[in-house]
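Here's a quick tour of one protein chain for anyone just getting started with structures. Have a look at the picture first, then read on.

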Amino acid sequence: MTVRVRTALLAATALALSAAVAGPAVAAPAATGGHDATRRALRAAVEDGVPGVTASARDGRGTWSGTAGVGDLRTGEPRSERDRYRVGSITKTFVATVLLQLEAEGRLSLDDTVDEWLPGLVAGHGHDGGRITLRQLLNHTSGVYDYTADEGFARDHFLKDGFFEHRHETVTPRELVAIAMAHEPDSAPGASWNYSNTNYVLAGLVIEAATGRPYGEEVRRRIIEPLGLRATSFPGTRTGLPEPSSRAYSKLAPTATGPTYDVTRLNPSIAGASGEAISDSADLNRFYTALFRGRLLPAQQFAEMTTTVPAREDADYGLGLIKRRLDCGVTVWGHAGGIHGSSSEAVTTGDGRHALALNFNGDWSGDAEAVIEAEFCDG
């Protein structure tokens, strides 16, 4: 198993759902030939307990989409290849791209300190924004504590009783940062790699400080509209999913058994710039393909984005990008994302010629890495 981005949600949820509950697997017809191994991996995810999965790939043969399982456990309606879903931390690649665009325009430098843009915000219990650079936010070497690891936050937002009490409440970015500042840093700035959602909440605030507009608006102007990403949005505090979409499911508990809850509606301000975006598989493939084909960043900034630090055994982290080496030797770039009832992956080869995006509508089961291996190694 390669790198799994840490999220409190995935830590707080379980590991299995019976295939009988998920319903029978249904594979969508292929638009082009091949992808047989990927189809089998989608069905295997449902057999492992994922309610449903949707995926799309782009390669030299064209575009292929497939689904398995159900999008609604109550009605048995299958998942759709056009489903829109919460992409979680895949949001981070969009945010990092905007900051790098601002650097290319001379409006900021990634070597600026956080205090230069957000004076006094990162302080307390050993945190010091005067010693942390924007680059360290983007590659998770800042040492800033991850607010989702706070026990009270996890209890109020990721476990059953707290989730149903607070699911519609708005939490501001500065409130999320304040939660992190109540803890000691994970490390000194630059000392080690520690994944922290707080880093990207701060990055979103820096974009707002540099442009005078919310980070989501900048992503829309700079990425979504130019690329024609019709399914991609930054909902802010809106609790619903746009259609077409499937239901999202969670155990809301640290166990593999027990009830399965519909968690489709939630206020994504608890994730903000670290993970609030909504998209679909086709849009994600279009975004990562455009990024790696040079349509979004000048060469200098793209080189910065793909300069990595060691993260885990077989993966490195750039600026909002995970670089991982598959078992067959292929290297892919992209990001994983998890949020209530939704687990997603989006990856591409370094030349942008082969891309895959997928989503599970349950957050406690299934092996997305197996789907990626199937597509790039056996497809």
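This is a predicted model: local features need pLDDT of at least 70, side-chain atom pairs count only at pLDDT 80 or more; totals for chains, interfaces and linings use all residues.

One stretch needs some care, though: residues 1-32 have pLDDT under 50.

- For residues 1-32, the model still has 105 contacts beyond four places in sequence.

**Helix α12**
- Helix α12 covers residues 281-292, and its 17 Å from first C-alpha to last is close to the expected 16 Å.
- Because 10 of its 12 residues are buried, α12 is largely enclosed by the rest of the structure.
- Among those buried residues are Asp283, Phe287, Tyr288 and Phe292.
- After α12 comes Gly294, which has a positive phi near 85°.

**His157**
- You'll find His157 in helix α7, which spans residues 151-157.
- His157 counts as buried because its relative accessibility is 8%, and the cut-off for buried is under 20%.
- Beyond its neighbours within four places in sequence, His157 touches Phe163, His166, Val171, Ile270 and His340.

**The largest pocket**
- The largest pocket holds about 320 Å³ of space.
- Its lining has 20 residues, and Pro173, Tyr215, Gly272, Ala273 and Glu276 lie nearest the centre.
- Helices α9, α10 and α11 each give at least two lining residues, with α10 supplying the largest share, 4 residues.
- Sorted by class, that lining has 9 nonpolar, 8 polar and 3 charged residues.

How values were computed:
Residues are numbered from 1 along each chain as its sequence is written. Side-chain values use heavy atoms; hydrogens and water are left out. Buried means under 20% relative accessible area, exposed over 50%, partly exposed in between (1.4 Å probe, protein chains only). Contact means heavy atoms within 4.5 Å. pLDDT is the predictor's confidence in each residue, from 0 to 100. The expected span of a helix is 1.5 Å times one less than its number of residues. On a 1 Å grid over the protein atoms alone, a cavity is a set of points where a 1.4 Å probe fits but cannot get out, and a pocket is an open set with protein on both sides within 12 Å along at least five of seven lines; lining residues have an atom within 4 Å of a point. Grid points are joined across faces, edges and corners, and a volume is the space filled by probe spheres set on the points. Ala, Val, Leu, Ile, Met, Phe, Trp, Tyr, Cys and Pro count as nonpolar, Asp, Glu, Lys and Arg as charged, and the others, Gly among them, as polar.
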